[in-house]
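Colleague: I would like a close look at one part of this model. Please take me through a pair of packed helices and the charged contacts around them.

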Amino acid sequence: ILVLAHVTARGMSMRQALAGQGRYLAANLAAFTPFAMHALLLISCMLLGKLNVATAIACVIGGTVLAILVLAPALLRELRGPISGMRQAWAAITSFTRRAAPADLFALGTAWADKLVLIPLLPAVQLGIYVVAANLSRILIIFTPATGILLSAMSGQDRQRSAHLHGLALRLTIASYIPLVLGTVLVDRLVMTVFYGSEFLSAVPVFRVLVIEAVLNRVATVSSQLYLSLGRPTLNSVIRGLELALVLALMVVLAPRYGPMGAALGLLGGTILRLALLWGGLITHLHLPFPRLWLVRSDLTGMKAAFK
């Protein structure tokens, strides 16, 4: 696992560097290739009759390693440049990373809060209902906006241009998720029955709350990129920390009383707080106007040009 973490970090660095240079096709290729290599290794193990827990783990690591080995020569040619000024750039990168890293740590804490906190708070049956609802609701993460590419597009721009790109991405994200959520609500009972069986239909109300939370979380992630692009990573980290604190407090209070629904509401409460603070901070801290939240025709016609 430690090897996988190190290798994955190298791959993420290369993808973000490519996106930062505006080479989005190469960045997408770098993101897709590890999964393709992983799938090929898994299929190979199945055909050879060697698929088990150990080989499955090895396929995850091997897929990432192979992807980096295949892409490294081309990526290094793309990213090669002068080394003059590296010390000054490294100091700036280190400073930014030190202020931005807590946000990622708090995000991991929030993502795992329900898995860790709920174990002693809920009976096994109720915990199982929550886990089923949570896992199914994360399907919407497939449609997560490309926040790394969004950040690279906004970075280096003036404040008004960054705010304009943020508004476009925000409106597109909201407009994309509305039909997804409506469609999910229409078929959630069927999907729950097909994947987990009719005995888990009691998880449907919890699932609906967690779907809303997942969407608001993605919307908040888009807005957080504006804070990073404008050099305010510390403020973003503080907001993430407040979100985690509220999630933990609400889960401890609500889960024993209301079961899986209480846990879901606790997670939703933290996400709502984060989104409210991010949007409020646009005015109070970034001194920018609040963006329009609905798409108009000019947004659609200008979208391609905006992210070129």
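Modeller: Start with D188, which counts as buried because its relative accessibility is 2%, and the cut-off for buried is under 20%. Keep in mind that this is a predicted model.

D188 has a partner. Its side chain meets that of R208 in a salt bridge, at 2.5 Å from N to O. D188 sits in helix α7 and R208 in helix α8, so the bridge ties together parts that are 20 residues apart in sequence. R208 is partly exposed, with a relative accessible area of 35%.

Now look at the two helices themselves. Two packed helices are described by the angle between their axes and the distance between the axes. For α7 and α8, the angle is about 170 degrees. Their axes lie 10 Å apart. Angles over 145 degrees count as roughly antiparallel, so α7 is roughly antiparallel to α8. What kinds of residues make up the contact of α7 with α8? There are 15 nonpolar, 6 polar and 4 charged residues.

F195 counts as exposed, because its relative accessibility is 60% and the cut-off for exposed is over 50%. F195 also belongs to a nonpolar surface patch. L186, V187, L190 and V194 make the patch together with F195. Its area is about 570 Å².

Go back to α8, which spans residues 204-229. Here E213 forms a salt bridge with R138. The closest N and O atoms are 3.0 Å apart. R138 lies in the loop between α5 (124-137) and α6 (147-154). E213 is buried, with a relative accessible area of 2%. R138 is partly exposed, at 27%.

How many salt bridges does a search of the whole structure find? The number is 3. One of them is between E243 and R240, whose side chains meet at 2.9 Å, N to O. Both residues are in helix α9 (residues 233-284). They are 3 residues apart, which means about one helical turn separates them. Both E243 and R240 are buried.

Conventions. Residues are numbered from 1 along each chain as its sequence is written. This is a predicted model: local features need pLDDT of at least 70, side-chain atom pairs count only at pLDDT 80 or more; totals for chains, interfaces and linings use all residues. Side-chain values use heavy atoms; hydrogens and water are left out. Patches are made of residues with over 30% relative accessible area and no salt bridge: like charges are joined within 9 Å, nonpolar side chains (Val, Leu, Ile, Met, Phe, Trp, Tyr) within 5 Å. Accessible areas come from the Shrake-Rupley method with a 1.4 Å probe; for residues, only the protein chains shown count as cover. A salt bridge is a side-chain nitrogen of Lys or Arg within 4 Å of a carboxyl oxygen of Asp or Glu. Buried means under 20% relative accessible area, exposed over 50%, partly exposed in between (1.4 Å probe, protein chains only). Helices (H or I, at least four residues) and strands (E, at least two) are DSSP runs, numbered from the N terminus. Axes are lines fitted to C-alpha atoms, for helices over the stretch in contact, and angles run from 0 to 180 degrees between N-to-C directions. Angles under 35 degrees count as roughly parallel, over 145 as roughly antiparallel, 65 to 115 as roughly perpendicular and the rest as oblique. Ala, Val, Leu, Ile, Met, Phe, Trp, Tyr, Cys and Pro count as nonpolar, Asp, Glu, Lys and Arg as charged, and the others, Gly among them, as polar.
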